[in-house]
Amino acid sequence: MLPALIIIAQNGYQDTELEGTRKGLLGAGFDIVLASTAAGECHGKFGGVEQATIALKDIKIEDYDRVAFIGGPGAHALADDPQALRIARETAVSGNILGAICIAPVILAKAGVLSGKHATVFDTDGKQASLLEESGAHYTGEPVTVDGQIVTANGPEAAMEFGRVLAGL
């Protein structure tokens, strides 16, 4: 089995979402590779420190079974990162499982892979849901939404379920 790739922001990833996603994947027997804009130390919103072992620019989708983008305030930067958008597109085209939690589904929307798909996102003011709908997605408002090979979740409370669902597809 190929490893699962989890992508976090260099600064401001959501610690709880990373942990829930990682637990779900590890529980299903996946090895985990952490990635970020650069290899090295990454800092969570709540003080967590993780080591990204690979930079986004060095990622080859065929090396991974599934890819998950973790939310948190730092994920906003990934939504405009050309390498993050490339990874989302290439994963969707490959037919591999693609996931995003919290505000990270915005990355998928900006990559153009949610058109015609049902998806959810962390949304307190309507802006993220609107962005998904503008990209052609059908916003569900559910904690976790699965449409084909794409899994989206709306925040830290859904992290454990997101990880289990992502691992089970």
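**Notes on the predicted model**

1. In this predicted model, Ile101 stands opposite Ala153 of strand β12. The pairing to which these residues belong is that of β8 with β12 (residues 150-153), two strands that run parallel and are joined by 4 bridges.

2. Strand β8 (residues 97-101) also pairs with strand β7 (residues 66-69), again through 4 bridges and in a parallel arrangement. Within this pairing, Val67 is the residue that stands opposite Leu98 of β8.

3. How many of the residues of β8 are buried? The count is 5 of 5, so that the strand is mostly covered, under the criterion that buried means under 20% relative accessible area. Ile97, Gly99 and Ile101 point one way from the strand, while Leu98 and Ala100 point the other way, and all are buried.

4. Glu50, which lies in strand β5 (residues 49-52), counts as buried because its relative accessibility is 18%, the cut-off being under 20%. Its side chain makes a polar contact of 2.7 Å with the side chain of Arg22. Beyond its neighbours within four places in sequence, Glu50 is in contact with several residues, among them Ile8, Tyr13, Leu18, Leu34 and Cys42.

5. Helices α1 (residues 15-27) and α6 (residues 159-168) pack with their axes 7 Å apart and at an angle of about 35 degrees, and their crossing is right-handed. The contact brings residues of α1 including Thr16, Gly20 and Leu25 to meet residues of α6 including Met160, Phe162 and Leu166; by class, this contact has 6 nonpolar, 5 polar and 3 charged residues.

Definitions and conventions
Residues numbered from 1 in each chain as written. Predicted model: local features only at pLDDT ≥ 70, side-chain atom pairs only at ≥ 80, totals over all residues. Heavy atoms only, no water. Axes fitted to C-alpha atoms, helices over the stretch in contact; angles between N-to-C directions. Left-handed = near helix turned anticlockwise from the far one by under 90°. Contact = heavy atoms within 4.5 Å. Nonpolar A, V, L, I, M, F, W, Y, C, P; charged D, E, K, R; others polar. Buried < 20%, exposed > 50% of the residue type's maximum accessible area, 1.4 Å probe, protein only. Polar contact = N/O pair within 3.5 Å; in protein donor to acceptor, adjacent residues only side chain to side chain. Pairing = 2+ DSSP bridges.
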